[in-house]
There are 2 protein chains.
Amino acid sequence: MSVTIYDIAEHARVSIATVSRVFNEHPRVSEATRRRVFRVADELGYEPHASAQSLARKNTQIVSAVVPMMTSFFFMEVLRGMQDRLDESDHDLLVYAARTLDRVDGQLARALQRGRADGMLLASTPITPSRARRLAASRRPLVLVDSYHEDFDSVTIDNVRGGADAVRHLLARGHERIGLLLPLAESVPGRDRLDGARQAFREADVDLDPQLVVRAEWDTEMHGFTRYAGYRAMQQLLALPASERPTAVFACADVMALGALRAAREAGLSVPGDLEVVGFDDIESSAYVGLTTFRQPMVEMGTLATELLLRRMREPDTEPSHTVFAPRLVVRETTGAATTALA
Amino acid sequence: MSVTIYDIAEHARVSIATVSRVFNEHPRVSEATRRRVFRVADELGYEPHASAQSLARKNTQIVSAVVPMMTSFFFMEVLRGMQDRLDESDHDLLVYAARTLDRVDGQLARALQRGRADGMLLASTPITPSRARRLAASRRPLVLVDSYHEDFDSVTIDNVRGGADAVRHLLARGHERIGLLLPLAESVPGRDRLDGARQAFREADVDLDPQLVVRAEWDTEMHGFTRYAGYRAMQQLLALPASERPTAVFACADVMALGALRAAREAGLSVPGDLEVVGFDDIESSAYVGLTTFRQPMVEMGTLATELLLRRMREPDTEPSHTVFAPRLVVRETTGAATTALA
DNA sequence: CTGAAAGCGCTAACAG
DNA sequence: CTGTTAGCGCTTTCAG
């Protein structure tokens with residue numbers, strides 16, 4: 001069997017309490033015994049048993065992250081940020097990835113199990129009243145990433161502003177007939193971006209032709225956030241009589257924009273010549289394709305969220321904080337810029 | 001405080017042993033008490049304490065995955081596969097992501113901590129003798145993904161064959177002056193792909209001009225597996241006198257190929273007109289760019305590796321198994337095909 | 001500065 | 001079918 005503090009205690013001729021103290025850097029241990037214990041410990045190859053520590057300490061040094069993997073790139077970047085911060089404070093990360101949004105609740109349940117993790121990061125998941133209740137009832141330190149609820153700490157980006165800026169960018173480039181490629185109505189970021197877009201149209205006093213607003217009805221389990229959904233939605237726009245077609249399109253997500261680009265290409269349209277396109281997210285492929293889009297500081301969101309979580313784990317009873325990042329427009333070729341940067 | 005089996009025992013007027021039995025689906029419990037216990041349990045909102053179970057059972061129901069994140073896409077796909085399999089058998093996943101290869105050992109140490117996880121998946125990490133010793137000494141069930149060592153179960157793809165097929169594809173398309181974009185010599189997959197390539201040249205009786213073999217000396221902490229490294233390496237090839245330049249290039253990784261594409265474009269070359277390109281990996285961007293490349297069954301590798309791990313956790317003393325997948329050539333536009341499929 | 005002893009919450013013989 | 005009783009390995013009073 002593997003070695004325990006009892007073995008060390010025996011060999012070092014001290015009590016297990018002392019061994020424990022040594023490993024927990026308790027101040028009042030004589031230098032002599034400290035050394036002796038350490039020496040014996042690594043002669044024997046001792047390593048503390050995580051579960052036993054967790055049980056006795058009533059904490060696990062583990063943080064869990066529940067994430068729908070729809071947007072794998074987004075998640076990976078956030079994960080990077082989380083890891084960085086977690087490594088610093090010696091916490092481990094339990095990942096509960098859900099392939100689709102409806103599987104999130106199952107993963108949530110597992111992540112919430114008593115004695116599994118000390119805190120939880122929940123990403124890109126709409127907080128319904130029922131989820132909010134469950135989460136509150138669990139009394140687990142929690143930080144929301146890319147979704148919002150007043151009762152919990154959150155780190156989000158300003159989707160309304162992003163939607164508005166997207167349309168403004170297109171209006172500024174002289175477009176009036178601007179198409180909108182939307183995900184399902186259930187998508188909160190989708191709704192916000194649409195709100196923003198609407199707002200920009202109003203400001204500019206431009207009418208938004210309802211024909212040009214297409215809601216993705218495909219891949220609904222992904223809320224329409226797929227290439228295919230974007231592809232089909234774009235085809236629908238392209239099926240309009242030539243004079244009624246949009247001259248530019250704002251797709252609510254890069255994946256959709258990429259599908260749209262494809263549809264445009266197949267229809268023989270040149271981008272940006274015949275059609276300009278703006279996306280949202282700045283996923284990895286976007287730089288290659290030269291897609292104009294909005295960048296979110298994903299890594300930073302991950303580290304900040306983790307930072308907040310660690311703080312909340314320390315001080316559970318502070319007011320929830322809400323950080324909103326501004327999406328940054330990245331202009332590339334699909335809205336007529338000359339060159340793509342080698343990101 | 002949260003509710004324990006003692007509370008339930010008290011309320012249900014049974015012993016804690018019975019409560020435990022009920023929750024562990026022990027056969028010999030009367031239906032009546034079973035029901036009573038369950039009823040009381042969820043009246044009280046009981047939930048077993050994971051750490052306590054782990055300590056008593058001597059297992060955690062947790063599997064850890066140690067992964068360098070250099071290739072985030074590859075990792076995400078493998079992760080998907082792992083999650084799928086893990087969900088089925090109710091295991092949780094501890095992720096130890098390392099930003100660079102030299103941080104892998106640190107993460108390994110954490111993943112190996114006693115009482116943290118019952119088994120470990122280790123991805124894309126060269127197994128040096130010293131690592132092999134540590135891993136063997138830990139006696140932890142282990143499966144290697146995308147790397148090989150005779151002592152441990154492994155799931156890999158046949159890089160030698162991939163390298164050979166890449167060159168064969170190019171030779172078959174009539175190229176003789178084929179450039180090779182390689183990562184650092186430390187990279188095992190890189191070496192294998194090169195070996196394969198060499199082999200293909202020999203078979204075809206074509207000489208490989210040493211000038212056309214470029215080793216990426218940039219981004220060494222990533223073993224040269226970056227866009228930038230590919231970009232610079234390609235520039236080096238393009239700096240050759242026109243008559244000595246390659247007419248086709250095999251890049252050992254898609255990220256490098258993408259960088260190479262960029263360099264070619266900047267140099268005013270058209271692809272595939274002036275230069276054909278083959279990559280390796282089939283990352284997400286490749287489909288958009290139309291890059292001809294080799295696809296690895298990443299999700300499948302993840303599930304299989306997990307399957308093997310779970311088996312080894314059950315039967316620790318079986319011979320290590322080694323599964324080798326064949327990379328599949330995906331022909332796209334960079335080697336002259338007409339259309340890209342909308343994957 | 002150090003030891004004894006009582007948990008942490010659950011599992012698993014061993015009796016009955 | 002059910003209860004009693006040791007642990008699992010570590011932390012943490014409470015004494016000394």
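This is a predicted model: local features need pLDDT of at least 70, side-chain atom pairs count only at pLDDT 80 or more; totals for chains, interfaces and linings use all residues.
In total, 26 residues surround DNA strand C, and A17(A), R28(A), T4(B), S20(B) and A56(B) are the closest of them. Both protein chains take part: α2 and α4 of chain A, together with α2 and α4 of chain B, are the elements that give two or more residues each. Sorted by class, the surface near DNA strand C comprises 15 nonpolar, 9 polar and 2 charged residues.

DNA strand D has 27 residues around it. Those that come nearest are T4(A), S20(A), A56(A), A17(B) and R28(B). Here at least two residues each are supplied by α2 (16–23) and α4 (50–57) of chain A and by α2 (16–23) and α4 (50–57) of chain B. The residues of the surface near DNA strand D divide into 15 nonpolar, 9 polar and 3 charged.

The next topic is the arrangement of chain A. This chain is divided into three parts: domain 1 covers residues 5–57, domain 2 covers 62–158 + 298–325, and domain 3 covers 159–296 + 330–335. Taken over C-alpha atoms, the centres of domain 1 and domain 3 of chain A are separated by 61 Å.

How many residues does each chain bring to the contact between chain A and chain B? The contact takes 35 residues from chain A and 35 residues from chain B. On the side of chain B that touches chain A, at least two residues come from each of α4, α5 (72–88), β2 (92–98), α10 (227–238), α11 (254–266) and α12 (284–289). The residues of that side divide into 15 nonpolar, 10 polar and 10 charged.

Strand β2 takes part in a pairing across the two chains. Strand β2 of chain A, residues 92–98, is joined to β2(B) by 2 bridges, and the two strands run antiparallel. Within this pair, L93(A) stands opposite V95(B).

Finally, how the two chains are related can be stated. Chain B is superposed on chain A by a rotation of 180 degrees with 0.0 Å of shift along its axis, with an RMSD of 0.1 Å. The two copies are therefore related as by a two-fold rotation axis. The same surface serves both copies, and 100% of the contact residues of chain B recur in chain A.

Terms used:
Residues are numbered from 1 along each chain as its sequence is written. Chains are lettered from A and ligands numbered from 1 in the order in which they are written. Domain bounds come from an automatic or database domain assignment. A residue is near a molecule or strand if its C-beta atom, placed from the backbone, lies within 6 Å of it. Helices (H or I, at least four residues) and strands (E, at least two) are DSSP runs, numbered from the N terminus. Ala, Val, Leu, Ile, Met, Phe, Trp, Tyr, Cys and Pro count as nonpolar, Asp, Glu, Lys and Arg as charged, and the others, Gly among them, as polar. Two residues are in contact if their C-beta atoms, placed from the backbone, lie within 7 Å. Two strands pair if DSSP finds at least two bridges between them. Copies are superposed by least squares on the C-alpha atoms of residues with pLDDT of at least 70 in both.
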